[in-house]
Amino acid sequence: MNSTPWLAASLFVSMSTLIAQPKSFNYDEGKVPKFTLPDPLVMANGAPVKTVKDWETHRRPEILELFKKEMYGRAPGKPAKQSYFVLTHHKNVLGGKIDRKQVEVRFAGTGKGPRMTILIYLPARAKGPVPTFLTLNFRGNHTIYPDPAIRLTHSWVRGKVKGETKDNRATENGRGLAKSRWPVETILARGYALATIYYGDIDPDFDDGWENGVHALYPQTQKRKPDEWGSIATWAWGLSRAMDYLETDREIDHKRVAVMGHSRLGKTSLWAGAADPRFALVISNDSGCGGAALSRRAFGETVQRINTSFPHWFCGNFVKYNANENACPIDQHQLIALMAPRPVYIASAVDDRWADPKGEFLAGLHANPVYQLYGLPGLPAKKQPPLDTPSMGTIGYHIRTGRHDVTKFDWAAYLKFADKHLPRGKK
Ligand code: GCU
């Protein structure tokens with residue numbers, strides 16, 4: 001008996017176990033299925049979209065509705081009793097250049113109900129309201145910067161940091177842990193504020209039967225409907241609630257808020273930007289499947305795979321498109337198009353094949369017709385640009401060297417893009 005094939009097979013099995021990824025994923029461009037993308041400028045009834053008015057009054061609402069119904073799920077509006085409570089406010093801290101605020105958004109109007117804490121760093125001595133980057137973080141506000149005054153979250157945290165494994169509570173061990181992803185000094189020196197919220201304050205990231213986080217405010221009375229909000233829509237809802245607060249804060253230029261997120265939180269920033277036009281600029285960092293990447297390419301993570309690994313992220317209807325992407329009436333270029341005419345930036349990393357960099361680029365490219373309807377440039381690059389070479393029109397894109405992460409390079413591009421599109425002194 002020839003043992004070579006057996007040996008090769010078992011090596012393959014152990015390798016795939018090691019990298020803990022599904023056998024079914026595809027990283028071969030030659031195996032990307034043939035597909036036709038739904039046309040953003042053709043209505044469901046077949047009529048062409050010819051004007052901005054057609055787009056804004058008919059086609060855009062139609063596409064937005066499809067994303068709610070088929071993919072992310074429907075979220076409620078602003079809770080009637082929502083209130084804000086300033087927990088701390090200090091000026092000229094951390095070397096004197098920073099003002100720090102921590103504000104609790106109380107969804108039910110009380111400190112005992114569901115609530116989230118927004119950490120806001122502002123440039124000290126700013127002359128007037130400042131444009132702001134609003135982002136969710138993965139492990140607690142205290143992880144973004146080694147600042148001893150940042151409060152620890154009370155919410156469930158994933159137990160991966162040493163010392164945080166016991167009961168999923170945040171501890172001092174996490175302080176400053178994610179600082180490489182948050183160039184606080186640079187952002188502030190460029191005249192922007194940074195506002196961030198721990199995403200688990202809004203909804204803990206596990207399949208909890210819709211009982212925890214803000215879902216406690218909306219108790220299930222009957223069986224969950226197939227178009228009810230999944231966790232991505234819930235986190236995006238939290239970003240809108242943060243925006244409600246920012247609109248009341250006179251130090252913030254709420255007309256110039258850029259919403260930015262990485263990975264699952266990049267999917268979230270895209271959905272927040274699509275669902276809530278108050279966000280002036282939208283940034284997706286390595287958002288991949290269910291974010292910027294075209295589902296129909298089925299390259300790297302697929303719809304089936306994401307619905308299986310993360311059954312709580314999308315609404316029930318999205319499961320219909322498992323290994324059946326062509327049947328879906330929408331694809332992610334239309335999500336990008338929902339931002340128009342607002343600027344949107346899509347970033348990929350070359351080693352992050354799981355997120356399908358090419359599919360992320362193509363979603364930007366195929367959103368172009370909608371930007372062109374507004375007479376805007378959309379994405380200038382007609383093919384994926386070379387490594388580390390951003391292409392910036394009203395849609396921006398880069399693919400940088402390196403892996404799935406948020407780096408200085410990414411932030412340098414976002415700051416440049418924001419300077420271009422959110423200029424100071426213009427109303
Ligand atoms: C997993 C998941 C991705 C997601 C990423 C993240 O890799 O498959 O869809 O973007 O986690 O959020 O870190």
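Lys91, Asp99, Lys101, Asp249 and Glu251 are linked in a network of salt bridges. The model is predicted.

Reader: What makes the contact between Asp249 and Lys101 a salt bridge?
Author: The N to O separation of their side chains is 2.8 Å. A salt bridge requires a Lys or Arg side-chain nitrogen within 4 Å of a carboxyl oxygen of Asp or Glu, so the pair qualifies.

Reader: Why is this pair said to tie together separate parts of the chain?
Author: Asp249 sits in the loop between helix 4 (231-246) and strand 6 (252-262), while Lys101 belongs to strand 2 (residues 98-106), so the pair joins parts that are 148 residues apart in sequence. Both Asp249 and Lys101 are buried.

Reader: How do you know that Asp205 and Arg264 form a salt bridge?
Author: Their closest N and O atoms are 2.7 Å apart. The limit is 4 Å, so the pair meets the definition. Asp205 lies in the loop between strand 5 (193-198) and helix 4, and Arg264 in helix 5 (residues 264-275), so parts 59 residues apart in sequence are tied together.

Reader: Why is Arg264 called buried?
Author: Arg264 has a relative accessible area of 18%. Buried means under 20%, so the term applies. Asp205, at 3%, is therefore buried by that cut-off as well.

Reader: What makes Arg74 and Glu65 a salt bridge, and how accessible are Arg74 and Glu65 in that pair?
Author: The closest N and O atoms of Arg74 and Glu65 are 2.7 Å apart, and the limit is 4 Å, so the pair is counted. Arg74 has a relative accessible area of 30% and Glu65 has 32%.

Reader: How many salt bridges does a search of the whole structure find?
Author: The search finds 31.

Reader: Why is Ala323 called exposed?
Author: The relative accessibility of Ala323 is 57%.

Reader: How do you know that the peptide bond from Ala340 to Pro341 is cis?
Author: Its omega is near 0°. Pro341 lies in the loop between helix 7 (332-337) and strand 8 (344-349).

Key:
Residues are numbered from 1 along each chain as its sequence is written. This is a predicted model: local features need pLDDT of at least 70, side-chain atom pairs count only at pLDDT 80 or more; totals for chains, interfaces and linings use all residues. Side-chain values use heavy atoms; hydrogens and water are left out. Helices (H or I, at least four residues) and strands (E, at least two) are DSSP runs, numbered from the N terminus. Buried means under 20% relative accessible area, exposed over 50%, partly exposed in between (1.4 Å probe, protein chains only).
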